[in-house]
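Colleague: Before going through chain by chain, I would like the conventions and then the details. Please show the model.

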Amino acid sequence: MFEKIRKVVNTLGLESERLRREMIAAAEAPIFAELIEEMVKQLKKLGPSPLREGVKV
Amino acid sequence: LNLEDLIKETKTYYCLECGKCTAVCPVSRHNSNFSPRFMLERALMGFEGELIHDRELFSCLACYACSHLCPSDVDYPVFTQKVRNLASSQGEHGDCAHSGTLLSLMRLESRPDIKQRRLEWLNGCRTSQKSEVLYFVGCAPYFEPIFEDIEVSPVNIARNSIKILNALGIEPMLLPNERCCGHDLLWTGDTETFKKLAQLNAQMIKESGAKKIVFSCPEGYRTFKIDYPQYVKLDCEPMHITELLAQNLSALSLRAKQSNPEVKRVTYQDPCRLGRHLGIYEPPREIIRAMPGIKLVEMEHSGDESICCGTSAWTNCSSYSKQIRIERLLEAKATGAELLITSCPKCQIHFKCAMVDKGAEKGPDIKMEVMDLVNLAANALEI
């Protein structure tokens with residue numbers, strides 16, 4: 001399923017970094033927080049998504 | 001838009017309550033909760049709320065079997081389309097198949113700033129930057145990964161369409177940022193997004209300078225031919241690839257595959273949009289008949305009596321849709337054909353879906369090869 005979504009996101013013209021799949025166990029809270037922070041940082045670098053209406057990049 | 005206006009617009013007040021619509025409707029045949037006649041009656045009696053909040057409002061396939069028989073010429077599919085528009089403004093959307101993914105993708109394509117990568121499959125196809133002929137690819141690049149599990153390749157239909165155009169001496173141009181035609185959104189009541197898509201496409205086509213737009217998908221074709229002119233200005237002529245191919249059959253040489261010397265029996269599924277919507281029954285048949293080594297046998301219901309593949313606009317796909325498909329596939333098998341040809345990628349998706357369904361194992365044998373006419377013709381072309 002992830003592979004399908006990856007292809008569709010690519011066709012839509014989005015950066016591949018906007019999509020990510022990670023396996024995190026319920027007990028691994030610090031890892032979860034770390035990955036989310038990392039992804040947020042990455043997304044901020046990419047800027048607003050062209051899919052957001054009304055946003056001019 | 002209100003109920004009264006749309007009754008006038010679709011000539012619903014001419015309804016004689018004869019019930020031919022419900023008698024011929026493929027959905028009513030299996031789902032007794034759905035009846036076009038009852039829907040119209042409620043509209044005429046002013047029961048707007050009941051009509052709008054009926055979950056069966058989204059069960060109509062817009063296959064035009066009803067209006068085709070209607071003695072008063074009531075346009076039931078368009079009536080449904082407009083009532084759905086009213087319903088969607090009150091939060092009704094029908095049950096979306098595939099968790100709504102496909103309709104969401106269509107809505108995302110209406111964003112003006114996106115820069116799609118929708119032509120990555122193109123390598124090897126002969127196209128040009130400037131041509132009078134534009135090939136409209138449609139949903140194929142999005143459908144490709146989504147339906148690969150059921151072994152349908154809409155991108156292959158697109159490649160073969162270009163191959164056929166090449167054989168006719170045409171190197172078509174393609175729009176790198178083409179948008180969804182909006183068919184499914186229009187028919188599920190989202191007229192607002194439909195308009196956005198139509199405007200984006202019309203603008204890009206205008207800038208391209210195309211004079212003709214060729215479609216391999218009947219839904220896109222219908223939408224450009226009948227619906228777009230009501231919303232946008234288009235200075236070019238849409239046409240279906242089967243029309244173009246049938247017109248030029250004498251210029252091409254179609255040959256039988258050498259590995260398959262025996263005569264193959266095939267049957268043809270008329271897609272509703274190509275058949276009853278636009279009256280194109282003969283061109284696909286002319287192409288099939290022109291192919292050596294192939295014999296066309298018709299199903300019990302064919303041409304303008306053809307039965308829909310059972311789902312439209314990815315909405316209200318149910319066990320009834322499956323039953324429609326199973327019956328249709330049994331009709332196809334009863335002809336003794338080994339191959340079912342269609343000229344709509346969605347017919348193919350829906351039939352294949354019925355075949356791989358787990359429940360299908362318990363029922364009658366409905367497995368048979370399904371192929372798009374474009375693929376069959378491209379295989380037989382001497383190029």
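Modeller: Buried means under 20% relative accessible area, exposed over 50% and partly exposed in between, with a 1.4 Å probe and protein chains only. Helices (H or I, at least four residues) and strands (E, at least two) are DSSP runs numbered from the N terminus. This is a predicted model, in which local features need pLDDT of at least 70, side-chain atom pairs count only at pLDDT 80 or more, and totals for chains, interfaces and linings use all residues. Residues are numbered from 1 along each chain as its sequence is written, chains are lettered from A and ligands numbered from 1 in the order in which they are written, and side-chain values use heavy atoms, with hydrogens and water left out.

Colleague: Why are the buried residues of H12(B) on the same side?

Modeller: The buried residues of H12(B) include Phe194(B), Leu197(B), Ala198(B), Met204(B) and Ile205(B). On the other side of H12(B), Glu192(B), Lys206(B) and Glu207(B) are exposed.

Colleague: What reach does H12(B) have from its first C-alpha to its last?

Modeller: H12(B) spans residues 191-208, which is 18 residues.

Colleague: In what order do the three strands of the open sheet with E1 stand in chain B?

Modeller: Two strands pair if DSSP finds at least two bridges between them. E1(B) and E2(B) pair in the parallel sense over four bridges, and E2(B) and E3(B) also pair in the parallel sense over four bridges. E1 and E3 of chain B are the edge strands, each pairing on one side only. The order is E1-E2-E3.

Colleague: Which residue of E3(B) is the bridge partner of Phe215(B)?

Modeller: E3(B) covers residues 237-240. The bridge partner of Phe215(B) in that strand is His240(B).

Colleague: What angle does the direction of H13(B) make with that of E3(B)?

Modeller: Axes are lines fitted to C-alpha atoms, for helices over the stretch in contact, and angles run from 0 to 180 degrees between N-to-C directions. Contact means heavy atoms within 4.5 Å. H13(B) packs on the sheet and touches E1, E2 and E3 of chain B, and its direction makes with that of E3(B) an angle of about 155°.

Colleague: Which strands stand at the edges of the four-strand sheet of chain B?

Modeller: The order of this open sheet is E5-E4-E6-E7, with parallel pairing. Each edge strand has a single partner strand, so one side of each is left without a neighbour in the sheet: these are E5 (294-296) and E7 (369-372) of chain B.

Colleague: How much area do chain B and chain A bury between them?

Modeller: 18 residues of chain B are in contact with 15 residues of chain A. Buried area is the accessible area (1.4 Å probe) that two parts lose on being put together, summed over both. Carbon and sulfur atoms hold 51% of the buried area, which is about 1500 Å².

Definitions and conventions. The expected span of a helix is 1.5 Å times one less than its number of residues.
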